[in-house]
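Here is a friendly walk through a protein model, with a few stops along the way. Have the sequence and the 3D view ready.

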Amino acid sequence: MAKPEPSPSPVLVVDFGAQYAQLIARRVREAHVYSEIVARNVTAAEVAARRPAGIILSGGPKSVNQPGAPLADPELFELGIPVLGICYGAQLIANQLGGTVAATSKGEYGRTQLEVSSQGRAPSVLFASVPPAFDVWMSHFDAIVEVPSGFVATASTPDAPVAALEDPSRGLYGVQFHPEVVHTHGGQEILKAFLYDVCGCRPSWTMTSVIEAATEAIRAQVGSERIICGLSGGVDSAVAAALVHKAVGSQLTCVFVDTGLLRAGEAEQVEATFGEQFNIDLVHVKAGDRFLGALNDVADPERKRKIIGETFIRVFEEAAADLGDARFLVQGTLYPDIIESGTKDAAKIKSHHNVGGLPDDMAFELVEPLRNLFKDEVRAVGEELGLPEEIVWRQPFPGPGLAVRIVGTVTSERVAILAAADAIVAEEIRRAGLSRELWQSFAVLPVVRTVGVMGDERTYAYPIIIRAVTSDDAMTADWARLPYDVLERLSSRIISEVPGVNRVAYDVTSKPPGTIEWE
């Protein structure tokens, strides 16, 4: 059964390989306008079918003059739908509509001062709420040197004579700089001007409207049938469960699968929170031996994820049969899961167990009420639904659990070691008052042995890697600058309290080039 669109008039972000494509979509949503990312090869007909309020062409790594450079469907500019090109997107507008883009003697990278140029005309609607000169963030080598017929240049910088251009009669706008990054002064106001004053959007996409639309979609999809939810105890599945429960009430049964790959004390916490506190119908399936058996001698991370994804589904199918053959399965799939698992809109980074790891012969129809949301939006929905802070603000935990934090084959001994080390990380981060500042902090166990000395004796044991990052949405992340005294306590406690560990290291890799999880 088809699901209704979250918004009748989204703003579509066409991704030309930009570093900031996801950030553009997030900034639009922060203006309370629904947005989605679509592939660069999207056709005008496909766009028109979505009835968008506006189109934003993202930046990209290529030159528009490079052979094989991606182009927009020329008919996009003839739909009568407002278009804003950013960086590469602005150059595409100029290049494809008859202007000139050329390599200059000098590119612009980083903070640059931009001057708005009216030249006797009324100022551009994009710059109505910003000063006549302000700092912007540039990242380009080519520059627009001649605007197409019907366009005017509306801003410049010392090295970009056309730092912004527009043809208001056709609703076409372009900016060479990046309004979506915080380094651009008034960048959000510029985006709001495009959204509100050019596209005619209203700031109506709120968490209340998201909940209302989601409950209607769930009821339309499920009808009066039974539905089960794969509940992990993490924020995503918890919010998904609460949202579905709001929509269909007693039709929902939550199934908590203890995979044997959970954090210390996780199973007890899930039962206490959902079975007792929220009085949701909860089935607890203890399947640790089954998951560990399926993972025996498996080291490849993609195989791990697919094995875990399939085993989850088989357990859910058996639980559904016991409940009277429920047709529907709720999952806490998020928008970053879809992007990272690989769609026509994005290259695959890794398979998520609840997306790319699902078996082809799955008997369920999926209900994924959060699949269009970023993590911070999910938290906001959870707060709106009245979930407690300790659930809403739990750190993300991968569905495959500790299996993808053991870099190598998974054994019960290694799971026990990692769970103990990870519990110390959580306790010390909480003790230091850093929990809300970090996106994630956890331990990783590489299956290698290192030499050490403990009690005047040679040891040959595992290292533990500590990973802590800051992020807004997990699409990008920076390694956290933890205080040295916190790192010292972590190292001392893990080595002295966790048998089988003789070394602790700290991961100082951001995303990109790394990912947050090690596998």
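Start with helix α6 (residues 235-248) and helix α11 (residues 375-385), which pack at about 45° with their axes 10 Å apart. Helices here are DSSP runs of H or I with at least four residues, numbered from the N terminus. Axes are lines fitted to C-alpha atoms over the stretch in contact, and angles run from 0 to 180 degrees between N-to-C directions. Before going on, note that this is a predicted model, where local features need pLDDT of at least 70, side-chain atom pairs count only at pLDDT 80 or more, and totals for chains, interfaces and linings use all residues. Residues are numbered from 1 along each chain as its sequence is written, and side-chain values use heavy atoms, with hydrogens and water left out.

Back to our pair: α6 and α11 are therefore oblique to each other (angles under 35 degrees count as roughly parallel, over 145 as roughly antiparallel, 65 to 115 as roughly perpendicular, and the rest as oblique). On the α6 side, the contact is made by Val235, Asp236, Val239, Ala242, Leu243 and Lys246, and on the α11 side by Lys375, Val378, Arg379, Val381, Gly382 and Leu385. Contact means heavy atoms within 4.5 Å. Sorted by class, the residues of this contact are 7 nonpolar, 1 polar and 4 charged. Ala, Val, Leu, Ile, Met, Phe, Trp, Tyr, Cys and Pro count as nonpolar, Asp, Glu, Lys and Arg as charged, and the others, Gly among them, as polar.

Now look at where α11 meets helix α5 (residues 207-222): their axes come within 9 Å and cross at roughly 80°. That makes α5 and α11 roughly perpendicular to each other. Met207, Thr208, Val210 and Ile211 of α5 touch Glu377, Ala380, Val381, Glu384 and Leu385 of α11. The tally for α5 with α11 is 6 nonpolar, 1 polar and 2 charged residues.

Next stop, helix α1 (residues 21-30), which is mostly covered, with 8 of its 10 residues buried (under 20% relative accessible area; exposed is over 50%, and partly exposed is in between, with a 1.4 Å probe and protein chains only). Among the buried ones are Arg26, Arg27 and Arg29. After α1 comes His32, whose phi is positive, near 65°.

Finally, find Glu428 in helix α13 (residues 412-431). Is Glu428 buried or exposed? It counts as buried because its relative accessibility is 1%. Leaving aside neighbours within four places in sequence, Glu428 is in contact with Arg489, Leu490 and Arg493.

Conventions:
Helix = DSSP H or I, 4+ residues; strand = E, 2+ residues; numbered from the N terminus.
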